[in-house]
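The entries follow in the order I made them.

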Amino acid sequence: MRVAALGDSLTQGYGLPAEDGLVPQLEAWLTERGHDVDVLNAGVSGDTTAGGLSRAAFTLEDDPDAMIVALGGNDMLRGIDPDVSRANLDGILSAASEAGVEVLLVGLTAPGNYGPDFAERFDAMYPELAETYGVQFHPDFFSAFRAEAEAGNLRTYMQADGIHPNATGVKRIVEAIGPSVEELLARAAE
């Protein structure tokens, strides 16, 4: 089974040796559990939801059986209006739906630095779009170490920039998101 991982630097594996990035670690995790899967890295460092939308058709041309959509972090960091991000994600999910490709939408949680209205609209777009399109939803890319983040103990899991996970952090993310990807594989096989 072929799974395209459409995302940004978090998907692409920014700052890590190739084998330590999200895509290779996720593929290895799934293979260890008996899945015959090829995870395609469609992550581009610095990409926004607009960039993901512009690449969606190209990514779907690779004829994946399923697609993981993990975008929005750069929109959030740049303060892009959540309505714009939502429209771009809507376009990606629409393209996947038209192609008959099952999707796992991976959300993010906005920090409060852009105010409560921004955070509320940003956080709401992921579950609302997942419900609209009937796609699978993983609420928070960083859920694997949310408790450590709240306690201020993220250094163990992050690169020096404090934004990108290190290999240990990616391993934790894969362990958290892996079961959702297994459900995605099951839906795609139906």
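This is a predicted model: local features need pLDDT of at least 70, side-chain atom pairs count only at pLDDT 80 or more; totals for chains, interfaces and linings use all residues.

Residues are numbered from 1 along each chain as its sequence is written, and side-chain values use heavy atoms, with hydrogens and water left out.

**Entry on α5 and α6.** I read an angle of about 15° between α5 and helix α6 (residues 116-133), with the axes 10 Å apart. Axes are lines fitted to C-alpha atoms, for helices over the stretch in contact, and angles run from 0 to 180 degrees between N-to-C directions. Helices are DSSP runs (H or I, at least four residues), numbered from the N terminus. I then listed the contact (heavy atoms within 4.5 Å). It includes L89 and L93 of α5 and F118, F122 and Y126 of α6. By class I have 10 nonpolar, three polar and five charged residues there. Ala, Val, Leu, Ile, Met, Phe, Trp, Tyr, Cys and Pro count as nonpolar, Asp, Glu, Lys and Arg as charged, and the others, Gly among them, as polar.

**Entry on α3 and α5.** Helix α3 (residues 49-61) and helix α5 (residues 82-98) have axes that come within 8 Å and cross at roughly 10°. I therefore recorded α3 and α5 as roughly parallel to each other. Among the residues in contact are G52 and A56 of α3 and G91 and A95 of α5. I sorted the contact of α3 with α5 into eight nonpolar, five polar and no charged residues.

**Entry on α2 and α8.** What angle do helix α2 (residues 22-32) and helix α8 (residues 167-189) make? I noted roughly 55°, with axes that come within 9 Å. α2 and α8 are therefore oblique to each other. W29 of α2 and V174 of α8 are among the residues in contact. The contact of α2 with α8 divides into 11 nonpolar, two polar and three charged residues.

Definitions and conventions:
Helices (H or I, at least four residues) and strands (E, at least two) are DSSP runs, numbered from the N terminus. Angles under 35 degrees count as roughly parallel, over 145 as roughly antiparallel, 65 to 115 as roughly perpendicular and the rest as oblique.
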